[in-house]
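Let's take a friendly walk through this model, with an eye on its surface and on the places where its chains meet. Have the viewer open and follow along.

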Amino acid sequence: MRIIAIFAVVITGFLLIYATLDMPNWGDPNSPASRHVSPRYIEGTMPETATPNMVTSVLADYRGYDTLGETTVIFTAGIVCLMLLRRVTNGQ
Amino acid sequence: MVNRYENVLIETVTRLLIPAMQLFGLYVIAHGHGSPGGGFQGGCILAASFILMVISYDIKELKSRMSENLNTILCAIGVFIYGGTGLLCVILGGNFLDYSVLHKILPVDPIKARYMGMLMVEIGVGIAVMSVMISIFLNIASRGEHEGALN
Amino acid sequence: MDTMDFIIGKYNYWVYIVLMMIGFYAMIAKNNFVKKLVGMNIFQTAIILYYISIASKKGGATIPIIKEGLDKAHQYLNPLPHVLMLTAIVVMVSTFGVAVAILIMLYRRYGTLEEDEIMAIIKMEKQK
C-alpha cells in the first residue's frame, strides 16, 4: 500500500515539475499573469474608486460578487459546526 | 468539563492585552483602504481577542460579554450587511454591488461613493468573520457543550 | 550560465511542488484521519505560496498600495493573486473547522480515528 502511494506521489511530482518548465521565470515583469487584467486594476483604482489599497478595491468592488460567495461559504461553515456539535444539556 | 486554573500573571497580562487587540482590529477594518488590512484580517484579529479571553479565563467569562444568541445573530447580520448593500444599489437604480449609485443617498460624488460602499462591505465581512471564528472555536474546543474552562 | 539562470528562475516552483507532494502523500498513505487533515493543510499552504510567488515582479516593484509619484503598472506587484489567496485562507480555516467537527462526530460514533478500524467496525455491523 505504501509502495503504491510513494509511486503515485513521485509520478505526480515529476509531471508537475515537467509542467513548470513552461512557466515564466520567477519575478518576470512580462509574465502572462501580470499583463492580462492586473494593469487595468492598478491604473484604474485611484481614478475610479479613490482607494489607494488596490487589494481592497479588487476584493470589494471589482470582484465583489466573488467575495459575497466567500462570505456565504464561511457563514455556512459556522452554521454547520454549530449544527453538528452543539448540545444543549440542561434543557435551556 | 475542566475547572478554571487561576493564574494572576496570565490574567493580568490578558486584561491589559485584550482592549489593545480589539482597538487594533477595529483600526485594521476601518483603515483597510489606505494600508494593509480589510474585513477578513480585522475580523480575525477581533476573534483572536475573544479566543484569548476564553483560553485565559473560562467560557462563562465570554458568555457574560457575548452570549451565544448574540454571536449567532451577528453571523447572519454580517452576511446581511453585505447582501443588503448590493440590494440597496439595485433599489437605487444601479447594478447589483455597483456602489457608485450610492451618491444619491450619501453626500459625496460617485467616485467617493464607491469608497463608502466598500467600507460598508468590509464592516459586514469583519462582523461575519469574527462571529464565525468564535463560534467554530467554541464548538470544537468544548465539544459542543459550552461549559467550563479550556486551560 | 544559462543553466544557472534556468535553475534560479524555476527553483521556487520546485520547492512548492515538493511541499505539495508531502501533503499529498500524507493524504493518501496515512491511516489516521487527523494526519490526513494535516496533510490537506500542507497541500493548501503550498498552493497559496505558489500563487503568491506568481505575483512577484523583479525590478523595484513595491507593495500594491498607491504611492505618490508612482503610477505605472510595472512599479506595483500584481494584486490579483493576493486577493484570491486572501479569501482562500479564510475558506481554508472554515473547511478545517468543518472537517474537525466531522472528525469529532466520527470519534463519538466509533471510538477511534483509524481508518482501517472504522472500516472493520462498519463491516461487522453489516454482517449482523
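A nonpolar surface patch of about 770 Å² is built from A:Tyr18, A:Leu21, C:Met4, C:Phe6, C:Ile7, C:Ile8, C:Tyr11 and C:Val15. Patches here take residues with over 30% relative accessible area and no salt bridge, joining like charges within 9 Å and nonpolar side chains (Val, Leu, Ile, Met, Phe, Trp, Tyr) within 5 Å. The accessible areas come from the Shrake-Rupley method with a 1.4 Å probe, and for residues only the protein chains shown count as cover. Helix H1 (residues 2-29) of chain C gives the patch its largest share, six residues, and C:Met4 lies in that helix. Helices (H or I, at least four residues) and strands (E, at least two) are DSSP runs, numbered from the N terminus.

Before going further, please keep in mind that this is a predicted model: local features need pLDDT of at least 70, side-chain atom pairs count only at pLDDT 80 or more, and totals for chains, interfaces and linings use all residues. Residues are numbered from 1 along each chain as its sequence is written, chains are lettered from A and ligands numbered from 1 in the order in which they are written, and side-chain values use heavy atoms, with hydrogens and water left out.

| Interface | Buried area | Share on carbon and sulfur atoms |
|---|---|---|
| Chain C and chain A | about 4100 Å² | 74% |
| Chain B and chain C | about 820 Å² | 84% |

Between chain C and chain A, 45 residues of each chain take part in the contact. Twelve residue pairs are in polar contact there (both at pLDDT 80 or more). On the chain C side, H1, helix H2 (33-54) and helix H3 (79-110) each supply at least two residues, and H3(C) has the largest share with 17 residues. By class, that side divides into 30 nonpolar, nine polar and six charged residues; Ala, Val, Leu, Ile, Met, Phe, Trp, Tyr, Cys and Pro count as nonpolar, Asp, Glu, Lys and Arg as charged, and the others, Gly among them, as polar.

Turning to chain B, nine of its residues are in contact with ten residues of chain C. B:Phe40, B:Met133 and B:Ile140 supply 52% of the area that chain B buries against chain C, more than any other three residues. One residue pair is in polar contact across this interface (both at pLDDT 80 or more). Helix H2 (39-56) and helix H5 (110-141) of chain B each give two or more residues to this side, and H5(B) gives the most, with three residues.

What about salt bridges, each a side-chain nitrogen of Lys or Arg within 4 Å of a carboxyl oxygen of Asp or Glu? Over all chains the count comes to six. One salt bridge links the side chains of B:Arg114 and A:Asp61 (2.9 Å, N to O). B:Arg114 lies in helix H5 of chain B and A:Asp61 in helix H3 (residues 54-62) of chain A, so the pair joins two chains.

Technical notes:
Contact means heavy atoms within 4.5 Å. Buried area is the accessible area (1.4 Å probe) that two parts lose on being put together, summed over both. A polar contact is a pair of N or O atoms within 3.5 Å; within protein, one must be able to donate a hydrogen and the other to accept it, and residues adjacent in sequence count only if both atoms are side-chain atoms.
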